[in-house]
Structures are given as C-alpha cells and as structure tokens.
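Welcome! Please take a moment with the sequence and the 3D view below before reading on.

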Amino acid sequence: MARRRSSGITSLGFNQDQGCFTCCLTSGLRVYNVDPLVEKAHYSKEELGEVSLCEMVFRTNWLLVVRARRPCSLMLLDDQQRAYKAEVLFKSPIRALRARKDKVAVVLPSSIQVLSLPSLARVALLRTPATARPLCAIATDPNALQLLAAPAHRKGSLQLLDVSRAVKGAASSSPAVVGCHQTDLVCISLSANGAKLATASERGTIIRLWDTTTKHMLHELRRGSDYADVYCINFNWSGSLVCCVSDKGTLHVWLARGSYAHVCAAPAAPPLRALCAFSDDASAVVVSEDGTFHKFTFSAEGNCHRSDFEYFLQVGDDDEFLH
C-alpha cells in the first residue's frame, strides 16, 4: 500500500525481470534501471500529480499508474509518447497492482480483477477477504502457467487460479485453496514460471515454499527466531534462489532447494519498508523507502558483502540509456 515518507516516496516496485524499478512520489514518478543504476524516466508533479502506485510491464513502454487524487482509476501510460492511452474506473480504491505481459491483476478491497493488456478489458474476477493485506502474485513467464495467487477466506490460506482459463466477465472457475500458515499472511511470491510459491505469515520466522501443482510444501526456510514483518520475497528468474527482506533490516538469500545460503548486513534502518530482487544469480539488490539502493554480492562459500550503495533519488537521467 502507498505511504508517505520524508523522502516523498509513496511506493516502490520492481518490474517482472527485476532489471528495473519504479519509484512513486508525492512529486511524480521515476523509473530506474538496476544494473547500472540509471534513471530512465522522470515525470514531474505537474505532469502526473502525486503517484500512489506504478507497475511496469517488463521493459515495454507501458506503465500502469494510480494517482493519489484518483485512487479508483487505473491509467495506462505510454512512456514513449508520454501520454495516457486507456483508463478503467473502479468503485473502490486500488490497493496494489501485479502485471505480466498480457494481463494485470488489480487488487481492490474485497476482490482482484484481472484485465487484459493493453485493452484493459476484464477477463477474471477473484473474491478476497476484505480484512486481508493487499497481497497478490502472478506468474510472469509468458511461456508458462498463468497462475494468480491471493489470500483465501480461511486464515493463513491462499487461493491459486489459472487466469488463462478465466471466463470473461464472470466469477472465474473455483480456485484451489492451500493452507499455508496458522496466522495471517503478510507476504507471498510466485516463481516466474508459476511452479513455486513462497509465503510468510505475520510471525515472520520462516518462509515456506510450495509446489503449486501438488499443493505440497517443499521446504521451510528459517529467517530467524524473533517475530518480524516480512516486507518482500522474490525468486530469481529460474526459481533456483529466494530472497527476503524484513523490518529486522536484513536481507536473507536461500537456495530454493531448501538449503541456507546467506544473511547480508542491514540494508535499511527499521522500520522503513524495503524491497529485494536478484540482479543475477550471484547478487541481490535492495531498494528502501528512505531512497537508498544497496547491491549485495554473495558466493557459494557463504560470503556476502555490500558491493554498491547509492541514494537513487540523487541519480540523474542518462540520455544514452535505451528503452
């Protein structure tokens, strides 16, 4: 959910290949390339107003935008032409967005609507509990299962829906329900191909990995013994690695086959929220709501060190960067 910070950041989000991230601001919107860290788009408050949410569609020119003054409106922005191309108005505020190349999942207070891209026509509807956090994950590999994961009505459970089989305009076929934890879910993630699911509950001591086909748990990954608020979980593109960041200010990285890999030093001062992603199979990045960018490099021997640090809001644009 979008929040205001002293930095002016309202929300952050990585794109589907984790090579870019968006920074929504009270003063507009910025889009960054991860490696190298370069500002690739910059919109002022005069152009967009205060931006609450933004979701990239891989590295295409499409940006899905929600503005603070119109929280029920989803806008499709063409970054090449710097102009809006489509709009959908909902009856309630948009809480989160998750996109793949041909669809976007729009998280509303008691449902998730799946729209096709770029037409923004509705293709699926999934009912969710109004009391749940605005959690949603969607498989992003264009050649794999079109799986959507979202909270179910039973505490600690998730529902999984294949949106490729959805019936236009109707409540979609019954999703599969997986009981993941005994307490409420706070963070979820799907591997790009939809084969693996990662979940964390409000206790935050373990990350559980699930097989989405069998619905069986594959592994439990120990984050720590103290309760923590897990902010973000991410798989690398192949699904062989998992990372997470929490309010404890640490980045954890595991092999998805269940073995423990690395704990990296504090990327942000708690309680500032942060997101994590993989830049490749030997490094991960963390971006925080205080405007800082951290890159960590890890080795098979278990060593981990911070290899880069920047205040990304101070990074200017690069005219030579190509879309």
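The report below covers confidence, cores, pockets, cavities and a few backbone details.

## About the model

This is a predicted model, in which local features need pLDDT of at least 70 and side-chain atom pairs count only at pLDDT 80 or more, while totals for chains, interfaces and linings use all residues. Residues are numbered from 1 along each chain as its sequence is written, and side-chain values use heavy atoms, with hydrogens and water left out.

The chain has a mean pLDDT (the predictor's confidence in each residue, from 0 to 100) of 89, and 91% of its residues reach 70 or more. Over residues 319-323, pLDDT stays under 50, and the model has 6 contacts beyond four places in sequence for them. Contact here means heavy atoms within 4.5 Å.

## Nonpolar cores

A nonpolar core is a set of buried Ala, Val, Leu, Ile, Met, Phe, Trp, Tyr and Cys residues joined through side-chain atoms within 4.5 Å. Buried means under 20% relative accessible area, exposed over 50%, and partly exposed in between (1.4 Å probe, protein chains only). The largest core has 31 residues, and Phe14, Phe21, Leu251, Val287, Phe293 and Phe312 have the most contacts inside it. Strands that each supply at least two of its residues include E1 (9-14), E2 (20-25), E25 (274-280) and E26 (283-288); strands (E, at least two residues) and helices (H or I, at least four) are DSSP runs numbered from the N terminus. E25 gives the most to this core, with 5 residues.

A second, separate core of 18 residues includes Leu53, Leu64, Ala86 and Phe90.

## Pockets and cavities

These spaces are found on a 1 Å grid over the protein atoms alone: a cavity is a set of points where a 1.4 Å probe fits but cannot get out, a pocket is an open set with protein on both sides within 12 Å along at least five of seven lines, and lining residues have an atom within 4 Å of a point. Grid points are joined across faces, edges and corners, and a volume is the space filled by probe spheres set on the points.

The largest pocket has a volume of about 1100 Å³. Its lining has 45 residues, with Leu12, Arg98, Cys136, Cys232 and Leu275 nearest the centre. The second largest pocket has a volume of about 220 Å³, and Thr131, Ala132, Arg133, Asp184 and Leu185 are the closest to its centre. The whole structure holds 2 cavities of 30 Å³ or more. About 60 Å³ lies in the largest cavity, whose lining includes Arg95, Ala132 and Arg133. About 40 Å³ lies in the second largest cavity, lined by Val31, Lys40, Ala41, Met56, Thr60, Leu63 and Asp79.

## Backbone details

Proline 118 lies in the loop between strand E11 (111-116) and strand E12 (122-127), and leucine 120 is in the loop between E11 and E12. Phi of leucine 120 is near 65 degrees, a positive value in a residue other than glycine, and leucine 120 is buried at 6% relative accessibility. Arginine 82 has a positive phi too, near 50 degrees, but is partly exposed, with a relative accessible area of 39%.
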